[in-house]
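Please work through the exercises below with the sequence and the structure at hand, and try each task before reading its solution.

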Amino acid sequence: MVKQTVLPMSGIFSSQRFGKPQIFAAALLLVFVGECAWLVAHEYPNATGEDELARVEEGLAQWRGLGVAGTPSIRMPLRSPAGASQLYDPHHSPLWSLIAAAPLVIFHVSPDSIRWLWLTRSPYILFGTLLGASLWYVARRLYGNAGGYIALTLYCFSPAVIRSCTLWVAEPDVAGAWGTFGAVFTAIAVSHTLYAPREVVLWNWRRIVLLGVSLTLAVGSQFGLAIIIPVLLGFMLYLAPNRKRAAIAILAAAGVVATLLLLASYLFHPALFLQGLKHARFLDANWHSIGMAGAYRQLLKEIAGSGPVLVLLFPATLIVFMIWPRTRYFGNAAPLIMAFLFLFQRVLSPHAAGSVFSLTAVVFIFVFISGIVADLLESKPLESVSAVIVGLIAANALWGLVGLVRIGP
């Protein structure tokens, strides 16, 4: 089994031989795009909510040079909150609105048009496809072909993922999830290069830029995702304990790149940028929810909404991880740590109808499950158990397809 950590996104387009694993993954991703297209085709144009219209309008206004989304320069005419501080979006940077409106800058259509739906969903379907490709690439390099197939199958037939990519009664959280996933595994990949006999900081400039872009996409989509920054530092220091200065320098350099890109989303207005950060809620937590049973029921419901098989597979693979020493290595522990981090963050913010934290947690759960199942597949005494698990994953995919077919016009 391949036990290594790799760069998740840049390697997808490297000059590797395009063989059967790549063809199978591409076929699954095409099915995923088809599922998203089916859902968009069965959504009514007037189903667009006020929040989405406001997000797109603010983005269009910024693209046209009329102000900065999520700040008083645009939000004043669109909304009339009581307090001036509410004129700054506390959860999202202007990038949130710029992505939503990007296709409409080129194609001018009415919000009542079906073309408007397709155009506003297209960026998130693209992000979802790229996240799926990144997920497959990482899982395959960590756990072999079996791990890659399992992770991608769970992802491509996940109702929660498809809903997020098509905004079907869901927020566009997939961009933040992709940025978070990329940031975590890029940071881990960089850490594995720190023992190379060369000037690693300058040599890693491509990964530094990619890490900065990933952080921009994550934090720019949801300020609360900045929680990954200290976790990334912890991973890097753990993986390269003898190169702590280099690890800190690389993460700091990526932070500079991310800061500059976020500043660019504010059109390089330092005052608006600083005020936006001042009003940002980087930790929007309700600590009383830890003792609320409803918060955990909601979390369980959202995990099941990502695929009912997760209710069985996640606890089962977690038990395997705890009792089987062979599975307790960093490649399995890292996604589990990230999953628990975001599950806990979701419990702390239970009042939102949907959450980027639960979606991001589920993506890391897919990676964790694929690693444990891949380990089981390699153990001859456990072949029967692994066959049952593979059957459950296949049944889960069929369940997802049946659910989509039942959605009528």
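The model is predicted, so local features need pLDDT of at least 70 and side-chain atom pairs count only at pLDDT 80 or more, while totals for chains, interfaces and linings use all residues. Residues are numbered from 1 along each chain as its sequence is written, and side-chain values use heavy atoms, with hydrogens and water left out.

**Exercise 1.** State how many salt bridges there are by the rule.

Solution. Begin with the rule: a salt bridge is a side-chain nitrogen of Lys or Arg within 4 Å of a carboxyl oxygen of Asp or Glu. By this rule the count is five.

**Exercise 2.** Examine the pair Arg-55 and Glu-171.

Solution. The closest N and O atoms of this salt bridge are 4.0 Å apart. Arg-55 lies in helix H2 (residues 50-63) and Glu-171 in the loop between helix H6 (159-166) and helix H7 (174-191), so the pair ties together parts that are 116 residues apart in sequence. Helices here are DSSP runs (H or I, at least four residues), numbered from the N terminus. Next, take accessibility, where buried means under 20% relative accessible area, exposed over 50%, and partly exposed in between, with a 1.4 Å probe and protein chains only. Arg-55, at 6%, is buried, whereas Glu-171, at 35%, is partly exposed.

**Exercise 3.** Describe the salt bridge of Arg-346 and Glu-302.

Solution. The N to O distance is 2.5 Å. Because Arg-346 belongs to helix H15 (residues 330-348) and Glu-302 to helix H13 (residues 293-304), the pair joins parts 44 residues apart in sequence. Both Arg-346 and Glu-302 are buried.

Key: Helix = DSSP H or I, 4+ residues; strand = E, 2+ residues; numbered from the N terminus.
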